[in-house]
Amino acid sequence: MTKLSKIERVIARLLVDLAIRKTSIPYSDLSKILEREYGEKINEHFGLSKPLGNVATLCNELGLPILSVRIEYKNNPSKTAEGFYDIACKLKPAYKSMKPNEVRNKELELTRNFTEWQLLLDYLDDKTIQYSQEPSLTISEQIALFAGDIIAQNGIGHIVSTQEIINELIKRHGTNQNSVLPFDYCYNRLSDNSPRKGPLFLSI
């Protein structure tokens, strides 16, 4: 059975969260989350290939869909990554007769319909995480994802009230409203005097 490194285990948990929420994130966002929240700086262009390949291999060994399909290109989400297609064909030889986009769509469908992700979490020895339809993202990750959606819909500079942020996190993730303190996450983290942790946005 494939043994995952510490950062690969983190990636696996993040991918489970994405699959449960039936959403995807760009390679660049995954790279930023790993650096911001876990102090692991991994190049988004070539540094994620091996970790994602190892997670995909473990998923296949456990009889699970290939979770790495949930990572996409930022500027071309519908494009199938060569690395994903190669590992998918290696793990599932029947895919060799299919086009890359067909393979990607098939695995996306499998992750949408799959419900036994606790199998992977148990293997990772993360007994504190119990499977549910809700993700286990940190508050900062939840706010960052919400901010990304708002920017995509309205552009940079759109004003969102504190209560709107709280309501949306409760709606999306079932977050405890007393745990949401947007001002802790939304001030400028990019100045030279500011700690370089948390979402990289000033306002949404």
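**A helix pair and its setting**

Mentor: Of the 204 residues of the protein, 45% count as buried, where buried stands for under 20% relative accessible area, exposed for over 50% and partly exposed for what lies in between, with a 1.4 Å probe and protein chains only. This is a predicted model, in which local features need pLDDT of at least 70 and side-chain atom pairs count only at pLDDT 80 or more, while totals for chains, interfaces and linings use all residues. Residues are numbered from 1 along each chain as its sequence is written, and side-chain values use heavy atoms, with hydrogens and water left out.

The protein has eight helices and two strands, taken as DSSP runs numbered from the N terminus (H or I with at least four residues for helices, E with at least two for strands), and their order along the sequence is α-β-α-α-β-α-α-α-α-α.

Now to the pair itself. The axes of helix H1 (residues 6-21) and helix H2 (residues 27-38) come within 12 Å and cross at roughly 120 degrees; axes here are lines fitted to C-alpha atoms, for helices over the stretch in contact, and angles run from 0 to 180 degrees between N-to-C directions. H1 and H2 are therefore oblique to each other, since angles under 35 degrees count as roughly parallel, over 145 as roughly antiparallel, 65 to 115 as roughly perpendicular and the rest as oblique.

As for the wider setting, among contacts in the protein with a separation of 6 or more, 63% are between residues 24 or more positions apart. Arg-104 lies in helix H5 (residues 100-113) and is buried, with a relative accessible area of 9%; leaving aside neighbours within four places in sequence, Arg-104 is in contact with Val-69, Glu-72, Pro-77, Ser-78, Lys-79, Thr-80 and Phe-84. Phe-146, in helix H7 (residues 139-154), is likewise buried at 6% relative accessible area, and its C-alpha is 8.0 Å from that of Ile-165, 19 residues apart in sequence.

Note on methods. Contact = heavy atoms within 4.5 Å.
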